[in-house]
Amino acid sequence: MISNKHIVVDIHTHIYPPSYIELLASRDQVPYIHKPTAGDPRLIILPSDDDQSKLAQNRGRPIDASYSSWEIKRAFMTSHGINISVVSLANPWLDFLPSSESPKWAKTVNDDLEKACLEFNKEPSSSICKLFAFGTLPLSASADDNRAEVIRLKTLRHLRGVIMGTTGLGLGLDDPALNPIWQALQDTETMVFLHPHYGLPDTAFGRPEVVARSGHVLPLALGFPLETTIAVSRMFLAGVFDRFPNLKMLLAHSGGTLPFLAGRLQSCVEHEREFIANGGCKQGPKRDIWEILKMNIYLDAVVYGESGLKAAVHAGSVERVIFGTDHPFFPPLGAESAAWPSVGTNYAAIQGAFEKDEDIVEGILGGNAIKILGLEV
Ligand code: URA
Ligand code: ZN
C-alpha cells in the first residue's frame, strides 16, 4: 500500500474529448471551432469571442492539441508533479444542444471519459499517474433524462461526480424543476463540480471598445467567480440546501467570492423583512450559509493568491479545499515552457499561506481529494 503522503491530485483539469471537438468543429454558431485558412483553429465559446469586428483568425482563443490529447495531459501531469487528475469536460458542456440530442451526447462523452481513464491507467509509469473523471449531464433535456444519467454514472468505475454550469435546466439552480436531479445526486452521493461559463453581461465590464481592449481579463477574473457566487447564493435562498441537506458541491475558483461575502449574505438574509425570520411573509433559508459551507461545500484552490486561499479555508475547513490547475486553460504565453506560471502561482499560494503546517499543504495538494472523492491510489 502506497502512502497518501506527497501525492498530488488535480481536481480542476479539463478535456474536450475528440468526439466533442468534432461536434464544435461542425458548428458555426457559438460555441464552435473556427478553422481559419492560416494559423491555429480558434475556440469561440463565449458570446464576446464571436466579435465580428475582428478578423476571424483573431477571434476567441487558439485551440491546439492540448485541449483534447491524453498524451499531452500525461506530459503536463508529469512535468508539474501531478499524480492523479480528475478530468472534466470543459465549458460549455452540453448546455447548447437541443433536448433531443443531449442525452445521447452525455452518454458518448461519459463513456469516452471512462474508456480514456481505463486506457490511461494501464500505461506503466515510473511514478503514480492516474486518471479519474467527472461526468457531464444532458441539462438541456428533461429532469428524468438527467436523473437516469446520474444513476448510470454510478456504473462507470472511474467517474467521481459530475461537472455542471450555473444555468440548470435553463432557469438557474434555484429552479424547483431541478428537485428530482438534486434528489438523485444526493441519493447517489454524487459530487457536483459547479463551474462557471456565462459570467456577467458584457455591459458590466464597460463600453464595447473597453471590453475589446481587455479581452478575457474581466470576464474570466471577475465574471466567472461572480457567476458562481450568484448561482450558489440563489440555491441557498431558494432552500435547496434545506431540502437536500446531504448534497455535495465542489465550487470552482475557491467558490468565486462566496467565502469572502458569506457573512454579508447571511446578514442580509437576517435583515430581509420579507423573510419569516424577521416577521415577514416568506420562508427564508433555514440553514445558515456558514453551516452549508462547512457541511455541503468543497472549494478548489484555483484562486492564485494567499488571501483567497485563506478565506476558502476559513469559510470551509482545511479538509475541504483541494488543489487544481484549470489545464489546458491559462497556458504560458510566448515561448513554449514546460512549467506553467499559472500552476506555479497556485502551488506558491498554497505553500505561502500554510508554510508552517506541512499537513495542511499535503491535504490541499492531494490527501483531501483522495478522501473526499474516494480515489484509489
Ligand atoms: N477556464 C475554464 O475552465 N474555462 C474557460 O473558458 C476559461 C478558463
Ligand atoms: Zn475550469
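These are my notebook entries on a predicted model.

**Ground rules.** I work with a predicted model, where local features need pLDDT of at least 70 and side-chain atom pairs count only at pLDDT 80 or more, while totals for chains, interfaces and linings use all residues. Residues are numbered from 1 along each chain as its sequence is written, chains are lettered from A and ligands numbered from 1 in the order in which they are written, and side-chain values use heavy atoms, with hydrogens and water left out.

**Zinc site.** I looked up the zinc ion (ligand 2) first. Its protein donors are His12 (NE2), His14 (NE2), His195 (NE2) and Asp326 (OD), at 2.1 to 2.2 Å. Donors are N, O and S atoms within 2.8 Å of the metal (3.2 Å for Na, K and Ca); water is not among the atoms, so sites may look incomplete. His195 and Asp326 are 131 residues apart and link distant parts of the chain. His195 sits in the loop between strand S8 (191-194) and helix H6 (208-214). Asp326 sits in the loop between strand S11 (321-322) and helix H12 (341-353). Helices (H or I, at least four residues) and strands (E, at least two) are DSSP runs, numbered from the N terminus.

Are these two buried or exposed? His195 has 1% relative accessibility, so it counts as buried. Asp326, at 4%, is also buried. The cut-offs are under 20% relative accessible area for buried, over 50% for exposed, and partly exposed in between (1.4 Å probe, protein chains only).

**Sheet.** I traced eight strands in an open, parallel sheet, ordered S1-S5-S6-S7-S8-S9-S10-S11. Two strands pair if DSSP finds at least two bridges between them. S1 (9-15) and S11 are at the edges with a single partner strand each, so one side of each has no neighbour in the sheet. S10 (residues 297-300) joins S11 through two bridges. Asp300 has Ile322 of S11 as its bridge partner.

**Helix pair.** I then checked H1 (residues 18-25) against H3. Their axes are 9 Å apart, at an angle of about 140 degrees. Axes are lines fitted to C-alpha atoms, for helices over the stretch in contact, and angles run from 0 to 180 degrees between N-to-C directions. H1 and H3 are therefore oblique; angles under 35 degrees count as roughly parallel, over 145 as roughly antiparallel, 65 to 115 as roughly perpendicular and the rest as oblique. Ser19, Tyr20 and Leu23 of H1 meet Trp105, Thr108 and Asp112 of H3.

Note on methods. Contact means heavy atoms within 4.5 Å.
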